[in-house]
Amino acid sequence: MRTLVIGGGGFIGSHLCGRLLGKGHTVLCLDNFLTSPESNVADLAGRPAFQLIRHDISRPFQPEGPLDAVLHLASPASPPDYLRLPIETLQAGSLGTFNALEIAKAKGARFLLASTSEVYGDPQVHPQPESYWGHVNCVGPRSVYDEAKRFAEALTMAYHRAYRLDTRIARIFNTYGPRIRRNDGRAIPNFITQALGGRPITIYGDGSQTRSFCYVTDLAEGIERLMGGDLHDPVNLGNPNEISLIELARLILRLTQSRSSILFKPLPVDDPKLRCPEIRPARERLKWEPAVPLEEGLLKTID
């Protein structure tokens, strides 16, 4: 297959590009590297089946030649990034999704949107099934990311219904692994960087809030299976095994053999207290579920 991966230079996108190349795909990787380093795809750049395109998908783009699939993963994704780049985040979810869908429509290609568990907001249903409509503050500081993805989902389904475009929507939960940035701002890279540097581990809130962490190679496999399946409605992709942030901090302290202390700070506005996916559709329809245990994945990420 000849596949366009928009946002292919990002943390998840670069792993996905590598996986697709390993399966024999020709990969066009499009990225403006606004929040990701080009080093993410440095090991892929020399391969004849890989092409790097520097472009902002918020502006129209028409790739040359046929395409079998278009995967849209482009967007700032960590709270520090989308709070620093609110307009660019909204543009990636709106204009970027429109331009990506137009490419797929023009090429007759299958389309996949990388959405997020953030569409559920601070959920009042736990764990979160795809049928849950969410509990979202549509004008809060986090809304630039949440609402951009909710709009992107609506636009993707509109193209599916209006133009019969062959679409997929992956609702991605917390993901971690090698190549995640040290200054990403999310819990695992923050905790590891602070522990390795001997600095206090910062927990916002009392640490009782939970997250569910999926290793990046598991997620890339889930995206690949979703792309090859026949599910047009949103599908949760994440690890259903949740852990509190205080437990996560203690685990990382043990794995890094760090003597760092734990520092508690106030919880940010609209930060979700619980986050855990219901993945029954992925298990039953895609025959997918995460395989890498948290401790194993953390050791690889720490290395």
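Helices (H or I, at least four residues) and strands (E, at least two) are DSSP runs, numbered from the N terminus. This is a predicted model: local features need pLDDT of at least 70, side-chain atom pairs count only at pLDDT 80 or more, and totals for chains, interfaces and linings use all residues. Residues are numbered from 1 along each chain as its sequence is written, and side-chain values use heavy atoms, leaving out hydrogens and water.

**Helix 8**
- Helix 8 (residues 245-256) has twelve residues and reaches 16 Å from its first C-alpha to its last. That is close to the 16 Å expected at 1.5 Å a residue, where the expected span is 1.5 Å times one less than the number of residues.
- Nine of the twelve residues are buried, so helix 8 is largely enclosed by the rest of the structure. Buried means under 20% relative accessible area, exposed over 50%, partly exposed in between (1.4 Å probe, protein chains only).
- The buried residues include Leu245, Ile246 and Leu248.
- Glutamine 257 follows helix 8 and has a positive phi, near 55°.

**Aromatic pairs**
- The structure holds seven aromatic pairs. Rings of Phe, Tyr and Trp (its six-membered ring) pair if their centres lie within 6.5 Å; planes under 30 degrees apart count as stacked, over 60 as edge-to-face and the rest as tilted.
- Tyrosine 176 and phenylalanine 213 pair edge-to-face, 6.5 Å centre to centre, with 85° between the planes. They lie 37 residues apart in the chain.
- Tyrosine 176 is buried at 1% relative accessibility, and phenylalanine 213 is buried at 6%.
- Ring pairs also link Phe98, Tyr159 and Tyr163 into a cluster.
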